[in-house]
Amino acid sequence: MIGKSIHDFAKQLWPINRSITGEGVRATLNQVKQHLPDLKIKSVPSGTEVFDWVVPKEWHPTEAYIITPNGDKICDFKVNNLHLLGYSTSFDGNIKLEDLKDHLYTLPEQPDAIPYITSYYKERWGFCLSQDQFDQLEGGDYYVKIEAKHFDGVLNYGELIIPGKSQEEVFISTYICHPSMANNELSGPTVVTFLAKWLSDLNERNYTYRIVFIPETIGSITYLSLNHNEMKQKVISGFNVSCVGDDRAYSYLPSRDGNTLSDDVAKHVLKHIDPGFKSYTWLDRGSDERQYCAPGIDLPIASIMRTKYGQYPEYHTSLDDLDNVVTPNGLDGGYWSIRKAIEAIERNKQYRVTVLGEPQMGKRGLYPTLSTKKSGEQVRLMMDVISLCDGENTLLQIAETLSTPIWELYEIVDKLVEHKLLQENE
């Protein structure tokens, strides 16, 4: 089960303090590069204008904690990096509890969880802690220590181009900016790493694959600002990969258009692996599909997920872990759902039968010599496929007409091509 290997990789990445810039991003990309040697790690300087945005300064926190009036150290960044407000500025000094509370963030409705909170574009300092811990704070003077540098540096992202027969591209994007949370978002980059390994190992690919590991929002905006013209010409399908690690549900979120190859493939795969999958609308968007499908960009990007971001109780908290939320089975399901979608795109060709009328199958050895219920069903399916191969229907359309998973047609089509009964339309 490949999910076990993906889960082990997630454990390696777990301790790294990731954000939208900084050492954690580079460390994560370097770990991915150990699996994908051809990954290019690229840099865009702080202050670079990217569409309506500007690449921010780098953030480099090294230490953060609070000392209580009785000498206990709490909210230690080195114990759990979610304790430090994302992009927090530095602070060093004593502060009374009444004033300190203005810099503390909790989730009262989940009293045992440390929330994940960021302040990327407004300078402030702060800590995150559980409501249970907050309620135990006693009045008095607290010592606060935060060492965090903000400086002109770079935004990093990883790009892997895997060439195929065609220059038409399938685009796969995932993000690497979340610290110590499993479904959102160690599941995405770890699953995509193993998908990219599989794609790289194929003897041939019909399409070229553009795969990126980026910080969410600012990363996709930056990447598009550099590549959108080329991508609009080449990308024919793709997926934003997020929240693919739990085993509670499968989910689909459409492209803005809602009627692309990506949408058709995603819905086809999911209805055959989990007929009860949850279907969302474009108005439920919340990840980098917002950028890829934005007006004027208009890329055909959909999302296949397990439980969607924001739809599980542990989302954006310390409870989103690798023990209770993300499992090897969940990652395995996330991996195979997207892999089946990619395989469907690869195999979604138009075929034309090469003879007039119904072909004589017996002389080609294509009828079973022993008639059983199962063999009869297989023959019927093969003849149904032939009847629909008019050079106009794609294999996905044929699978939909037959209410059959497309992957159950691959062997049939290959056999018919081998016997020169079908030929692929150029």
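I began with helix 1 (residues 2-13) and helix 2 (residues 23-35), which pack at an angle of about 150° with axes 10 Å apart. Helices here are DSSP runs (H or I, at least four residues), numbered from the N terminus. Axes are lines fitted to C-alpha atoms over the stretch in contact, and angles run from 0 to 180 degrees between N-to-C directions. The angle makes helix 1 roughly antiparallel to helix 2 (over 145 degrees).

I noted the residues that make the contact (heavy atoms within 4.5 Å): Phe9, Gln12 and Leu13 of helix 1 with Thr28, Gln31, Val32 and His35 of helix 2.

The model is predicted: local features need pLDDT of at least 70, side-chain atom pairs count only at pLDDT 80 or more, and totals for chains, interfaces and linings use all residues. Residues are numbered from 1 along each chain as its sequence is written, and side-chain values use heavy atoms, with hydrogens and water left out.

Next I looked up Ser220, which lies in helix 6 (residues 218-234). Ser220 counts as buried because its relative accessibility is 0% (buried means under 20% relative accessible area, 1.4 Å probe, protein chains only). Beyond its neighbours within four places in sequence, Ser220 touches Ile214, Pro215, Asp288, Gln291 and Tyr292. Asp288 is 68 residues from Ser220 in sequence, yet the C-alpha atoms are 6.5 Å apart.

Last, I checked for disulfides (cysteine sulfur atoms within 2.5 Å) and found 0. For Cys243, the nearest cysteine sulfur is that of Cys177, 12 Å away. For Cys293, the nearest is that of Cys243, at 17 Å. Cys243 is buried at 0% relative accessibility, and Cys293 is buried at 1%.

Key:
Helix = DSSP H or I, 4+ residues; strand = E, 2+ residues; numbered from the N terminus. Buried < 20%, exposed > 50% of the residue type's maximum accessible area, 1.4 Å probe, protein only. Parallel < 35°, antiparallel > 145°, perpendicular 65-115°, else oblique.
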